[in-house]
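Open the model in your viewer and keep the sequence panel beside it. This tour tells you what to select at each stop.

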Amino acid sequence: MKKAKSASYGAMLSKSKQPLSPRSSSSADNPASFLVKKCISLIQNCGSSQLKLRQIHAFSIRHGVPFNNPDIGKHLIYNLVSLSAPMPYPHTIFSCIQSSNVFTWNTMIRGYAECENPGPALQLYRQMRASCIEPDTHTYPFLLKAVAKLADLGVGESVHSTVIRNGYDSLLFVQNSLLHMYSACGLVDGAYKVFELMSERDIVAWNSVINGFALNGKPNEALTLFREMVLQGAEPDGYTVLSLLSACAELGALALGRRVHVYMVKYGLTENLHVNNALLDLYAKCGSIREARNVFDEMKDRNVVSWSSMIVGLAVNGFGKEALDLFKEMERVGLVPSEVTFVGVLYACSHCGMVDEGFNYFTRMEEKYHILPKIEHYGCMVDLLGRAGLVKEAYQYIRNMPLQPNAVIWRTLLGACTMHGHLTLGEYARNKILQLEPGCSGDYVLLSNLYASEQRWSDVHILRRNMLREGVKKVPGYSFVEFGNQVYEFVMGDRSHPQCEQIYAMLAEITRRLRLKGYAPHTENVLADIEEEEKENALSYHSEKIAVAFMLIKTAPGTPIRIVKNLRICADCHLAIKLISEVFEREIIVRDQSRFHHFRGGFCSCRDYW
């Protein structure tokens with residue numbers, strides 16, 4: 001079929017020679033000009049075939065039109081770029097044209113901005129200025145798109161200054177490009193400043209800033225801006241929904257996520273694969289694994305991302321066996337797993353203590369699917385051994401890895417050493433981290449906790465003095481809860497909430513009722529050289545306990561409580577919340593840095609393995 005099409009198109013090209021006859025009335029004086037016009041007409045009507053464009057170009061050259069003809073070159077470049085053709089061919093044509101206008105320069109900048117390697121777009125812009133070609137209103141959106149892909153904030157700010165000098169900063173599509181650039185470079189506050197100065201805002205502008213907040217660790221701001229968007233009458237679309245679901249997943253804001261889901265159904269967005277994947281991810285990250293599974297089962301189309309998200313969701317929620325069963329079902333339907341899928345499978349084995357299964361899957365990944373393991377897969381294996389208490393084996397595994405271990409690998413080993421009390425190996429891992437990635441506060445904390453567990457208080461004080469001297473600050477623990485369409489954040493000993501008196505009264509009541517059940521604080525988790533009573537007080541005011549007390553006050557009996565914590569839950573809080581779930585007859589779901597804990601009736605889904 002392809003040969004037949006090419007032949008018929010070649011015949012059509014051959015027919016274009018006929019008007020060049022000397023007997024032709026209008027074209028007899030300038031047959032070359034007529035051929036150029038004919039070729040341009042063919043270029044404009046060739047559809048989506050890059051091959052046809054090349055054929056037309058070859059035909060024009062064979063019949064005497066110079067390779068560097070600017071008229072044909074301009075149209076060829078535009079159509080090739082519009083069809084996302086590889087850039088070397090249009091660049092070769094462009095390089096041969098001696099008098100390119102601003103349209104052609106813009107087209108080339110656009111072509112590079114939309115490809116995987118946008119760097120040449122910046123080089124072309126500099127050449128354009130050096131050639132005394134003045135950029136126009138279309139140059140900067142394409143250029144800023146390239147800068148956004150490169151995440152080069154310095155160049156982006158320089159371009160922004162030029163935009164202001166040239167008077168283009170009031171144009172909506174230029175402003176939208178600036179919003180996207182600042183968000184992509186991680187300077188979401190810069191994006192918001194541009195947004196505030198806009199006299200007119202379309203859906204693209206709202207989406208750019210909402211998505212920028214969601215992707216740059218400011219989900220609360222994303223949700224606040226969405227509310228403002230709705231109040232101002234702007235109509236959200238699929239991109240808005242994706243950003244909102246991402247923000248809700250980050251915060252564990254299940255109620256708001258459900259409202260977004262209702263919005264999706266109302267406006268017919270449930271057929272969108274990317275939106276459905278984001279919705280599935282939201283429910284999984286909020287610990288509502290049943291709803292995640294419902295979304296997965298109802299999806300008409302599923303890709304590898306859908307399966308992988310569901311596998312990981314099951315694993316981190318403590319359903320390792322179900323995660324592996326789903327992987328087997330994925331294989332049965334004939335879908336080929338990806339590298340990411342196997343990260344999820346190995347994660348399931350790691351967080352459920354399935355050591356032998358983990359090694360079997362790792363072998364299958366290489367031998368059956370010919371997937372070359374990456375550092376993430378080796379990290380899962382180190383974590384698998386470390387969590388199971390096989391710390392020395394984990395160290396030997398690192399030594400025998402074919403890849404150079406990075407800071408994350410050594411940090412995983414350090415965490416296992418802290419958990420299982422391997423001081424010498426922990427110090428060795430810490431030294432390796434210092435060589436690769438110094439200045440991470442979590443590493444100081446892990447080693448400090450390891451020293452403290454061995455009662456080596458002088459080493460703890462030396463380590464903390466080093467932290468102060470080097471300006472390293474410990475990341476404070478905090479917990480999020482959602483209530484009444486708002487997300488509340490609590491830190492240890494938090495007294496900033498207007499209802500703090502009721503919250504602390506509830507904390508006292510919790511402690512009283514837990515002691516009747518035989519609860520005794522795990523003071524060994526307070527790794528500080530202080531009196532026992534002070535340790536007990538410190539444990540009472542951990543952020544997740546304050547969050548639980550707040551929700552017990554604010555919600556009706558029997559209502560599930562959902563908490564998102566930025567650090568790993570400590571053993572004392574884990575024990576206390578297990579008992580709270582029994583005494584107060586509440587299901588409590590805690591998402592910590594490591595996994596989910598579903599507390600119900602005095603038991604946890606992790607089976608005390610986390």
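Contact here means heavy atoms within 4.5 Å. This is a predicted model: local features need pLDDT of at least 70, side-chain atom pairs count only at pLDDT 80 or more, and totals for chains, interfaces and linings use all residues. Residues are numbered from 1 along each chain as its sequence is written, and side-chain values use heavy atoms, with hydrogens and water left out.

**The whole chain**

Start zoomed out. The C-alpha atoms fill a box of roughly 110 × 55 × 50 Å, taken along the principal axes. The chain has 31 helices and six strands. Helices (H or I, at least four residues) and strands (E, at least two) are DSSP runs, numbered from the N terminus. Of the 610 residues, 49% are buried. Buried means under 20% relative accessible area, exposed over 50%, and partly exposed in between (1.4 Å probe, protein chains only). Take the contacts between residues at least 6 apart in sequence: 64% of them join residues at least 24 apart.

**A helix pair**

Select 102-113, helix α6, and 119-130, helix α7. They pack at an angle of about 160 degrees, with their axes 8 Å apart. Axes are lines fitted to C-alpha atoms, for helices over the stretch in contact, and angles run from 0 to 180 degrees between N-to-C directions. The two helices are therefore roughly antiparallel to each other. The cut-offs: angles under 35 degrees count as roughly parallel, over 145 as roughly antiparallel, 65 to 115 as roughly perpendicular and the rest as oblique.

Now show side chains. On α6 the contact includes V102, W105 and N106. On α7 it includes P120, A121 and L124.

Stay on N106, in helix α6. Is N106 buried or exposed? N106 is buried, with a relative accessible area of 4%. Which residues does N106 touch, not counting those up to four places away in sequence? Select M128, D136, H138, T139 and F142.

**A residue in α27**

Jump to I462, in helix α27 (residues 457-469). I462 is partly exposed, at 39% relative accessible area.

Show the strands. Six of them form an open sheet in the order β2-β1-β3-β4-β5-β6, with mixed pairing. The edge strands are β2 (486-491) and β6 (603-604), each pairing on one side only. Two strands pair if DSSP finds at least two bridges between them.

Select β4, residues 588-591. In a regular strand the side chains alternate between the two faces of the sheet. In β4, I588 and V590 lie on one side, I589 and R591 on the other, and all are buried.

Next, select β3, residues 561-565. Four bridges join β3 to β4, and the two run parallel. I561 stands opposite I588. Follow the chain from β3 through helix α31 (residues 571-583) to β4: this β-α-β crossover is right-handed. That means that, with the strands pointing away from the viewer, the path from the first strand over the helix to the second runs clockwise.

R591 stands opposite F596. β4 and β5 form a hairpin with four residues between them.
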